[in-house]
Amino acid sequence: MDSTDLRMLDELANNSRITGADIARKIHLSLPAVTERLRKLDKSGVIEQYTVRFNREMLGLKLLAFVQVWLEHAGASAAKEYLISLPQVLECHHIAGDYDLLLKVLVKDTSDLEELLSNRIKGSPAVTRTSTTIVMSTYKEDINIRSK
């Protein structure tokens with residue numbers, strides 16, 4: 001992977017719907033060269049997925065929170081599988097430290113958050129404790145690092 005590939009990845013990170021022709025024009029490369037490089041990046045696994053970012057507020061999803069989860073290790077694997085299956089869970093990370101999992105969750109409001117925590121997350125038998133942090137504002141949130 002070279003600097004041209006990184007420039008192409010930056011363009012895709014900015015807009016996953018950008019056309020090959022637009023990438024070619026922006027980085028001053030021919031369309032066949034861009035197409036071939038994209039094919040190689042796809043095939044090698046560098047590009048895992050093309051995606052879209054929704055406007056959460058327009059969808060009525062206004063409350064973003066991080067939930068720290070402590071687990072009994074006997075049922076940890078099943079609990080993890082259950083938690084990542086919940087549609088409100090955007091991310092699930094296994095953490096080194098005081099707690100076991102860090103969840104990033106998105107819901108409509110505090111009532112939905114209470115239902116999620118009380119009936120679903122804490123309803124899992126292996127979950128022994130949770131701690132929740134509500135996000136007031138987000139200043140930066142990316143899914144990919146950029147070379148610029």
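Me: How many bridges join β1 to β3?
Reply: This is a predicted model, in which local features need pLDDT of at least 70, side-chain atom pairs count only at pLDDT 80 or more, and totals for chains, interfaces and linings use all residues. Residues are numbered from 1 along each chain as its sequence is written, and side-chain values use heavy atoms, with hydrogens and water left out. Strands (E, at least two residues) and helices (H or I, at least four) are DSSP runs numbered from the N terminus, and two strands pair if DSSP finds at least two bridges between them. β1 and β3 run antiparallel, and the number of bridges joining them is 7.

Me: In β4, which residue is the bridge partner of V69?
Reply: β1 is also joined to β4, by 7 bridges and in an antiparallel manner. On the β4 side, V69 is bridged to T130.

Me: In what order do the 4 strands form the open sheet?
Reply: The pairing in the sheet is antiparallel. From one side to the other, the order of its 4 strands is β2-β3-β1-β4.

Me: Which strands stand at the edges of the sheet?
Reply: The open sheet runs β2-β3-β1-β4. An edge strand here has a single partner, so one of its sides is left without a neighbour in the sheet. The two in that position are β2 (89-94) and β4 (127-134).

Me: Which residue in β3 is the bridge partner of E91?
Reply: β2 and β3 run antiparallel and are joined by 5 bridges. E91 has its bridge partner in β3, and that residue is K104.

Me: Is K104 buried or exposed?
Reply: Buried means under 20% relative accessible area, exposed over 50% and partly exposed in between, with a 1.4 Å probe and protein chains only. K104 has 8% relative accessibility. Contact means heavy atoms within 4.5 Å; leaving aside neighbours within four places in sequence, K104 is in contact with several residues, among them R56, E91 and E141. By its accessibility K104 counts as buried.

Me: How many of the 9 residues of β1 are buried?
Reply: β1 pairs with β3 through 7 bridges and with β4 through 7 bridges. The strand is largely enclosed by the rest of the structure, because the number of its 9 residues that are buried is 7.

Me: At about what angle does α5 run to β3?
Reply: α5 lies across β1, β3 and β4. Axes are lines fitted to C-alpha atoms, for helices over the stretch in contact, and angles run from 0 to 180 degrees between N-to-C directions. On that basis the angle of α5 to β3 is about 140 degrees.

Me: Which residues is S124 in contact with, leaving aside its neighbours within four places in sequence?
Reply: S124 sits in the loop between α5 and β4. Its relative accessible area is 7%, so S124 is buried. Outside its sequence neighbourhood, S124 is in contact with A79 and Y82.

Me: How far apart in space are Y82 and I121, C-alpha to C-alpha?
Reply: Y82 belongs to helix α4 and is partly exposed, with a relative accessible area of 31%. Leaving aside neighbours within four places in sequence, Y82 is in contact with R120 and S124. Y82 and I121 are 39 residues apart in sequence, and their C-alpha separation is 8.8 Å.

Me: What radius of gyration does the chain have?
Reply: The chain has 5 helices and 4 strands, and its C-alpha trace spans about 55 × 35 × 20 Å along the principal axes. The radius of gyration is taken over C-alpha atoms, and the globule rule is 2.2 Å times the number of residues to the power 0.38. A compact globule of 148 residues would have a value near 15 Å, but the chain has 20 Å.
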